[in-house]
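Here is a structure to read through in questions and answers. Please look it over before the discussion starts.

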Amino acid sequence: MNGLNDKQGEAVQCTEGPVLLLAGAGSGKTRVLTHRIAYLIDQGINPYHILAITFTNKAAGEMRDRVDQIVSYGAESVWVSTFHALCVRILRRYIDRLEYENNFTIYDSDDQKAVIKTCLKKLNMDPKQYPERMMMAEISKAKERFVSPQEYDREASGQFRKMQVAKVYNEYQQRLKQNNALDFDDLLYKTVELFQFHPDVLEQYQERFQYIMVDEYQDTNHIQFLLIKQLAAKYRNLCVVGDDDQSIYKFRGANIYNILNFEEEYPEAKVIKLEQNYRSTANILKAANGVIANNEGRKEKALWTKAEEGDKVHFSLYDTEYQEAEGVVKEISRQHKNENRAYNYFAILYRTNAQSRIFEEKLLMHNIPYKIIGGQNFYGRREVKDMICYLKVIENGMDDMSVRRVVNVPKRGIGATSIDKMQAYADTYEMSLLDAMFEASNVPGLNRAAAKVESFTNLILDFRDMLKEGVFLSELYDAVLEKTGYWDELLAEKTDEAEARMENLTELKNKIVKYEQEAEHPDLAGLLEEIALVAEVDNVEESEEKVLLMTLHSAKGLEFPCVFLGGMEDRLFPSGMALNSDDPDAIEEERRLCYVGITRAREQLYLSAARQRMMHGRTDYNPVSRFVKEIPKDVITMNGNGSFAVRRQEQAAHEARESLNRKSASVTGKPYSFGNTGGKPAFGKEFKVERLQIDYGVGDRVRHVKFGEGTVTELVSGGKDYEVTVEFDKVGVKRMFASFAKLKKL
DNA sequence: CACAGGTCTCTTTTT
DNA sequence: GAGACCTGTG
């Protein structure tokens, strides 16, 4: 049916009862899942009863689009989402049953760390002895096992260190609750808890989700397993899709036994294997199979393809990481010029985010457009975080953590001493820090600071009023930037760094506007949610002609015609941690990661390594990765001294010159400036400013990607952009910015 | 109270 | 190489 192979067809039609779909890399599992959804609807199942859980928002979006394409009616009521987004949606509705407020805030790992820090302080524990990182990891692991602070304490009995962790875990959880905040793990934990203690709520969702599909099942952890188990318990129509060879999130608690033992949990399960690869050339697949064959304890499967051999896999060993990056960028440039490859034909993958910098530097020098995914998270940047915390405070006044962060940013003369006094007051009267600030004049010992505090609280009140009056979120954001003086302060600085920060703030505004355009019911909570849950990889537009750079982990689920895999050295990949570990599975997980990397490539695969590399401020000399040696000799070409292509001398001369340039460039510090390339580092900024041109006017018929067709009713020029009002046939009147709406004239 | 400059440590992957 | 923390100065 529909061009599916036998196995795929079987998987599609096997709709009742539990199904385990073992789908090798590139075997068309997304295709199967979407067709399965279509088939279910075709069989008369109400789309409202279908739930599909994916690993990333991007995967969710893609599935949504594909389902929309093949299903004529009702596709939109299929619930396609990530685990976390699903939980947020459930909790927004019912978390009051667990005595949280429904407008809870989601804490990211920075916030978590700050909370842990205060906990340690309160408990008089030495952060040197109990590092925050370790505490976070322990607490996270406990939550992944669905172990409460009390249970953890019981488990710990007698073990001093664990008992200390238990204390912190307990304190941490109380603080989160006080702040009306949930961390990432809580989203799952609290949902499972909700279902456990409120069977009526669970039943409602069991009735709703009569058909459940879970993608990337090999990367689910125990609590996700529990959640699925709860939801599927009544109808048992559960289809999980995964590949044990692609399990790469053990560090995050992923439990490979979820997939290996699926048949024990669901004895009536039907198991279907998809082993035909439709993605890669035969040589690439051979390389991948050769590597993964070195792992023990995997479900036996043999990925095969009808595709032709294709090019051999290239491997090049360079002297330094700079030469490596230069070699990679040169090859991209050569193919772009000589073979007419668009830049989005290529992806550069690596084990650690730190490796991206040198590639970025070289791409800038060659004026090649690129986009880096992840790394120093955009939302983790100081200025961006500051603005988001303002928004969080506006939304949830119980969020002390965010209040503390912004109360003196920009400087208002409210220092640590004043905050401590107000905190003490808040503790005494059992109120939030912000509420204490509203009563600043009553707080003993504040004196002159009280007036300053009042000016801060007045700002927050003003912002809340604006929100009540129904302003656009982007307008609120502008107001925050302006009224807090944040923007003016940066403006006055007139440094490159301040300018870079302002650009990031503008970028944040763009994201807010975009959210407002695309969300069905945009509101502040929804915006903050999206910021917390949507990873950068989710926003990758295939159509953008840019070289993509990302970690191997981020690349999971994606594919590219040509993949460069850098840093193929022992201690980097596999990581030093894995090599030192006494757990033999650590290396196997790295190997699976390598397998994932190789299988991202459709046509060409370039591996590279450097003899010498600066790591953590030190020059390391590491041997070529063992994984390279595991690739069958007949599918790989080895090149001992740099340069994938031919012109070696020419390149060496060039590199000598550039190494000089680099020295002068690197001392200038963060905001690189390489002449007039027009490129900017980080976050994949646009390389050209697009002139906004619109070819429609009032009265014209237009089409929007999401809202469908409609008529333009108003067009207001606002600076560089236009504000367009469109009356859509299906979704009614929407106001939007022309630059984001991308309306097509009909 | 704010800021600059020094010293220290820990290096992986992320929803 | 980056971030956290401390200390001295204005």
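Predicted model: local features only at pLDDT ≥ 70, side-chain atom pairs only at ≥ 80, totals over all residues.

**A helix, a hairpin and a DNA strand**

Residues are numbered from 1 along each chain as its sequence is written, chains are lettered from A and ligands numbered from 1 in the order written, and side-chain values use heavy atoms, without hydrogens and water.

Reader: How far does helix H2 reach from its first C-alpha to its last?

Author: H2, a DSSP run of H or I with at least four residues, covers residues 29–42.

Reader: Which residue in E15 is the bridge partner of Met615?

Author: Strands E14 (601–615) and E15 (618–621) pair in the antiparallel sense over four bridges; pairing takes at least two DSSP bridges, and a strand is a run of E of at least two residues. They form a hairpin with two residues between them. The partner of Met615 is Arg618.

Reader: What is the distance from the side chain of Asn408 to a phosphate oxygen of DNA strand B?

Author: Asn408 is among the residues that come nearest to DNA strand B. Its polar side-chain atom makes a polar contact (N or O atoms within 3.5 Å) with a phosphate oxygen, at 2.8 Å.

Technical notes. Expected span 1.5 Å × (residues − 1). Near = heavy atom within 4 Å. Polar contact = N/O pair within 3.5 Å; in protein donor to acceptor, adjacent residues only side chain to side chain.
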